[in-house]
Amino acid sequence: MWVAPEVRGRGAGQALLDAVGVWARARGLERLELWVTEGNSAAARLYRRAGFIETGARDVLPANAALQTIQMARAILSTP
């Protein structure tokens, strides 16, 4: 996911995460997973606020092997 710098901090990232959560719940999925580039603290904060936690998995960024990525995941909560 990428949000243009000029509109960051206006809720676009959270809105995208919310939409993915609704989409996943409607399909009966139980978990969302993502990868965030190490050092991208703004993105990691957004994901943590949305309930994602680090899984412990690490990898290299496919587009740039000099950068590391961190896997994060969260459970999909069913609605009553």
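## Residue T69

T69 sits in strand β3; strands are DSSP runs of E of at least two residues, helices are runs of H or I of at least four, and both are numbered from the N terminus. T69 counts as buried because its relative accessibility is 5%. Buried means under 20% relative accessible area, exposed means over 50%, and partly exposed lies in between, with a 1.4 Å probe and protein chains only.

Apart from neighbours within four places in sequence, T69 is in contact with W35, V36, T37, E38, A57, R58, D59, V60 and L61. Contact means heavy atoms within 4.5 Å.

## Basis of the model

This is a predicted model, in which local features need pLDDT of at least 70 and side-chain atom pairs count only at pLDDT 80 or more, while totals for chains, interfaces and linings use all residues. Residues are numbered from 1 along each chain as its sequence is written, and side-chain values use heavy atoms, without hydrogens and water.

## Overall layout

The protein has two helices and three strands, in the order α-β-α-β-β along the sequence. Its C-alpha trace spans about 45 × 30 × 20 Å along the principal axes. Of the 80 residues in the protein, 28% are buried. Among contacts with a separation of 6 or more, 52% are between residues 24 or more positions apart.

## The nonpolar core

The largest nonpolar core holds 13 residues, of which L17, L32, L34, V36, Y47, F52 and M72 touch the most other members. At least two residues of this core come from each of α1, β1, α2 and β3 (64–75). Such a core is a set of buried Ala, Val, Leu, Ile, Met, Phe, Trp, Tyr and Cys residues joined through side-chain atoms within 4.5 Å.

In soluble globular proteins, nonpolar side chains tend to be buried together. Leaving out neighbours within four places in sequence, L34 is in contact with Y47, F52, I70, Q71 and M72.

## The largest pocket

The largest pocket contains about 680 Å³ of space. Of its 29 lining residues, M1, V3, A43, L46 and Y47 are the closest to its centre. The elements giving two or more residues to the lining are α1 (12–26), β1 (31–37) and α2 (41–49).

A pocket is an open set of points on a 1 Å grid over the protein atoms alone, where a 1.4 Å probe fits, with protein on both sides within 12 Å along at least five of seven lines; lining residues have an atom within 4 Å of a point. Grid points are joined across faces, edges and corners, and the volume is the space filled by probe spheres set on the points.
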